[in-house]
Amino acid sequence: MAERMTIVDGEKIVYKGLFDFRELYNLIDAYLWQKGFDKRIRKNEEHVTKDGKFVHVVMQPWKKISDYAKHEIKIDLSVHDAKEEIREIDGVKKKFTNGVVEATFWGYLVTDYEGRWEQRPEYFFLRTIFDKFVYKLQTQNFGAMVKNDVRLLKSEIESFLNLHRFT
């Protein structure tokens, strides 16, 4: 069984106003591709309510760092009370979504994801000793990389949403 360490725990963005959901999704997709993550979508649902649309997407991209460790990011993106609006910008009509966006981020460092060090009790003991004393700095560096990836993604999304405040 792999060991999963929580590095970033539930950092949240809440935005209310105009935005383009398709561009937001493409921004997240492009960021993950640029950083070398393999995208995994756990949940993708859309409901129409009397107040507007409700969209809920849960992504869990991952990236191998080495044969022993990998990064996982969990992104919980939900849009409440979404209604389409058409605005004219520089003489061009464009569709926007008006609603509430909530994005929550978690970052994990998963070690021994293939379970090679848990086949026998002696291996498990050796893995614990190696993790604690030999690979301590390397594990800390991997944790810092996870934190950096999550914070960069969060700041990109915040910047994107803040751009639409002025349209």
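Two strands count as paired here if DSSP finds at least two bridges between them. Strand β4 (residues 62–64) meets that condition with β5, the two being joined in the antiparallel sense over 3 bridges. Within this pair, lysine 64 stands opposite lysine 70 in β5. The two strands form a hairpin, with 4 residues between them. The model is a predicted one, and the rest of this text sets that pair in the context of the chain.

The protein has 3 helices and 6 strands. Read from the N terminus, the order of the elements is β-α-β-β-β-β-β-α-α. The radius of gyration is 20 Å, whereas the globule rule gives 15 Å for 167 residues, so the protein is more spread out than a compact globule. Along the principal axes, the C-alpha trace spans about 70 × 30 × 20 Å.

Lysine 70 also leads on to the next strand. Its bridge partner in β6 is valine 110. Strand β6 (residues 92–111) and β5 pair over 19 bridges, again in the antiparallel sense. They too form a hairpin, here with 2 residues between the strands. In that turn, aspartate 90 has a positive phi of about 55 degrees.

Strand β5 has a further antiparallel partner in β3, to which 6 bridges join it. In this pairing, valine 58 stands opposite aspartate 76 in β5. Strand β3 (residues 53–59) is in turn joined by 7 bridges to strand β2 (residues 41–48), and these two run antiparallel. Across them, glutamate 45 stands opposite histidine 56 in β3. The hairpin of β2 and β3 has 4 residues between the strands, and glycine 52 takes a positive phi near 140 degrees there.

The remaining values describe the chain as a whole. Of its 167 residues, 39% count as buried. Among contacts in the protein with a separation of 6 or more, 69% come from residues 24 or more positions apart. The accessible surface comes to about 10300 Å², and carbon and sulfur atoms hold 51% of that area. As for charge, the protein carries 29 positive and 27 negative side chains. The centres of these two sets lie 1 Å apart.

Note on methods. Residues are numbered from 1 along each chain as its sequence is written. This is a predicted model: local features need pLDDT of at least 70, side-chain atom pairs count only at pLDDT 80 or more; totals for chains, interfaces and linings use all residues. Side-chain values use heavy atoms; hydrogens and water are left out. The radius of gyration is taken over C-alpha atoms; the globule rule is 2.2 Å times the number of residues to the power 0.38. Buried means under 20% relative accessible area, exposed over 50%, partly exposed in between (1.4 Å probe, protein chains only). Contact means heavy atoms within 4.5 Å. Accessible areas come from the Shrake-Rupley method with a 1.4 Å probe; for residues, only the protein chains shown count as cover. Lys and Arg count as positive and Asp and Glu as negative; His and the chain ends are not counted. The place of a charge is taken as NZ of Lys, CZ of Arg, CG of Asp or CD of Glu.
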